Amino acid sequence: MGSRGQGAFLPGDKALAGLPQLLDDLQRLSEDQDSADVVFLVGRDEERIYAHRIIMMARCKSFQTLKRGEICRIPGCSVLPSAPGTPIPIRLPHLSPEVFKQFILYVYTGKILLQDSIFDMMSMAKDLGVEELQTACEDHVVSTLSVANACTFLTAVMEIQEKSTGPKCTAFMERCVSYIGENAGECVKTNAFLNLTKEGLIKLISSDYFCLEEEDVWRCVLAWAKNQAGVTQPTVHWTEEERVRVCQHLSGVISHVRLLQIDSKVFAEEVEPTGAVPMELSLERYRFAALSSAKTPHNPPVVHQAPPGETDKRLQPRLLLNLFPGSAILKSDKLHLQTVLNGWIGASKQMWKLVFRSSAHGFSAVSFHRHCDGVAPLIIIALGSRGEISGGYSDVPWAKNSRKGGYIHSEKAFLFALSGTPDAPNKFDIVKKPYAICYHPECGPIFGAGADLLISNTCNSNMDSYSNLPHSYDGPGATCTSMFGDYNFTIVDYEVYTPVAEATRGTVTSKGESEKNIHGIDLCEIYEVKTSAPQHLIDGQGSELLEVIVKSNDQASKEIRFSS
């Protein structure tokens with residue numbers, strides 16, 4: 001018997017040499033009416049768009065796993081009878097012909113141009129069961145979320161939810177809600193917030209992560225209701241007819257405002273005069289306030305009981321503020337860890353300003369020292385490759401001295417493990433104060449003489465970062481694995497924050513979080529540093545250069561330098 005030679009794959013680029021021609025051929029096939037066996041009648045005018053059932057079956061779940069005699073399962077469609085040998089007509093009166101053409105092109109070729117019709121395309125992909133297209137649309141929307149458009153996006157996705165009979169976009173909607181919650185202070189000032197549906201507003205203010213004081217939650221809800229009712233006057237100047245209109249819009253909403261947590265003076269002066277609070281709820285509010293002022297651990301205030309197994313959200317504080325605005329690490333379900341950090345520092349409502357993010361400014365030691373030397377106090381928050389979140393606090397700055405490896409004394413520095421390790425959250429205090437932090441121009445931040453924590457140069461591409469805890473720092477259960485799960489580890493990103501009002505260096509101000517689509521490029525963040533920095537950080541022209549890593553639409557990384 002002869003032996004069959006083993007096949008071999010062609011190298012890289014040659015293995016896909018036929019792909020461009022294949023895509024061209026498939027695109028021509030999508031336009032070939034003569035071979036089509038399905039015709040979609042799309043929109044009110046029933047524009048005819050042809051397709052091939054075998055392609056639709058391969059690519060769309062709505063054409064798969066059908067009962068005998070079924071053609072497809074598309075919400076809102078109707079299949080019409082057809083003569084033998086002619087394409088099967090499928091009516092889709094609720095869809096846009098132009099968007100559906102783009103959808104068919106994607107089904108055949110995998111090519112898509114995400115434009116203003118992004119939500120129509122997302123809905124279409126969901127209804128016809130093309131999950132990778134739905135995910136691509138969702139990811140694109142999330143990548144372009146901003147204060148200006150977040151409420152508009154939430155409204156659009158809730159409309160998709162309402163119209164859909166299939167699986168819900170729950171995870172995507174929660175991403176929108178989370179973004180708005182983290183940036184609530186700015187989002188509530190937009191017209192898009194004032195034009196939210198009642199359901200959209202309830203979705204937001206029901207969240208524990210809607211980051212506003214409860215008094216401000218009430219104020220933004222009232223502003224929404226006045227806008228919906230067409231009322232512009234302050235409460236004291238309302239006519240009775242205007243009061244009725246505002247209260248109609250507040251009905252069903254006010255129960256989601258945590259009135260029991262609103263200051264009594266604000267409640268009496270701003271809430272009650274609207275007439276929107278039912279009498280029994282007002283009485284309960286005053287009773288709760290009176291009992292709270294006299295409560296003891298053995299005599300807590302008693303309010304209306306929640307159903308068994310449920311917590312009374314009126315008594316559950318929100319995460320009041322996004323204390324670390326712009327953080328790519330302490331966000332969404334990690335937002336509550338911000339209050340843990342502030343608790344360790346002893347300033348529960350301290351706001352912080354981003355000075356440096358390695359994924360935006362660069363992972364090199366040079367980048368860290370360029371942006372962070374001379375800054376104090378500061379917190380370093382690092383993300384490990386397995387999701388661990390740990391870092392350190394220093395009340396003294398990194399500063400260049402006469403030699404490498406110079407140690408700097410601190411009375412208040414500490415290390416911490418916030419999430420992702422068995423004992424987290426955990427704090428490790430400085431015990432050898434002369435060795436609190438170490439300056440080394442070829443390394444990122446170093447804590448302790450051990451080093452208890454060292455973040456290496458280009459820490460995202462090696463495992464040279466390490467923790468020799470406990471050495472200069474110690475705490476409950478401290479070991480070398482307490483921070484990132486191992487002695488050596490990779491840091492995929494780290495951020496440096498400084499208190500808003502306490503920076504010893506010039507004020508760092510965001511010129512615009514997540515600036516988008518400037519000449520086709522999405523900027524991560526641009527920061528302006530006023531030039532009161534130490535002289536060795538400023539170039540000979542008296543201006544400081546800042547690095548910002550950005551990604552263009554084709555995902556190719558670009559480095560842009562801005563001169564302040």
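At what angle do the axes of helix α5 and helix α6 cross, and within what distance do they come? In this predicted model, the axes of α5 (residues 118–128) and α6 (residues 131–143) cross at roughly 150° and come within 8 Å. Two packed helices are described by the angle between their axes and the distance between the axes.

- The crossing in which α5 passes α6 is left-handed.
- On the α5 side, the residues that meet α6 are I118, F119, M121, M122, A125 and K126.
- Their partners in α6 are L133, Q134, C137, E138, H140 and V141.
- An α-helix has 3.6 residues a turn, so residues three or four places apart point the same way.

- Helix α5 is largely enclosed by the rest of the structure, because ten of its eleven residues are buried.
- The buried residues are I118, F119, M121, M122, S123, M124, A125, K126, D127 and L128.
- Which helices do the buried residues of α5 pack against? They pack against α3 (53–59), α4 (97–109), α6, α7 (150–163) and α8 (170–182).
- Just after α5 comes G129, which takes a positive phi of about 80°.

**The threonine T274**

- T274 is placed in the loop between α14 (264–271) and α15 (279–294).
- Is T274 buried or exposed? Its relative accessibility is 0%, so T274 counts as buried.
- A polar atom of the T274 side chain lies 2.7 Å from the backbone oxygen of V271.
- A polar atom of the T274 side chain also lies 3.2 Å from the backbone nitrogen of A276.
- When residues up to four places away in sequence are not counted, T274 touches W218, L222, T235, W238, R243 and C247.

**Cis peptide bonds**

- A424 and P425 are joined by a cis peptide bond, with an omega of about 0°.
- P425 has its place in the loop between β9 (414–419) and β10 (426–430).
- A cis peptide bond also runs from G450 to A451, where omega is near -5°.
- A451 is found in the loop between β12 (446–447) and β13 (453–454).

**Positive phi in residues other than glycine**

- E46 is a residue other than glycine with a positive phi, near 55°.
- The loop that holds E46 lies between β1 (38–42) and β2 (47–51).
- With a relative accessible area of 32%, E46 is partly exposed.
- T458, also a residue other than glycine, has a positive phi near 45°.
- The loop in which T458 is found lies between β13 and β14 (465–466).
- How accessible is T458, and which class does that give? At 30% relative accessibility, T458 counts as partly exposed.

Methods: Residues are numbered from 1 along each chain as its sequence is written. This is a predicted model: local features need pLDDT of at least 70, side-chain atom pairs count only at pLDDT 80 or more; totals for chains, interfaces and linings use all residues. Side-chain values use heavy atoms; hydrogens and water are left out. Axes are lines fitted to C-alpha atoms, for helices over the stretch in contact, and angles run from 0 to 180 degrees between N-to-C directions. Helices (H or I, at least four residues) and strands (E, at least two) are DSSP runs, numbered from the N terminus. A crossing is left-handed if the near helix is turned anticlockwise from the far one by less than a right angle, and right-handed if clockwise. Contact means heavy atoms within 4.5 Å. Buried means under 20% relative accessible area, exposed over 50%, partly exposed in between (1.4 Å probe, protein chains only). A polar contact is a pair of N or O atoms within 3.5 Å; within protein, one must be able to donate a hydrogen and the other to accept it, and residues adjacent in sequence count only if both atoms are side-chain atoms.
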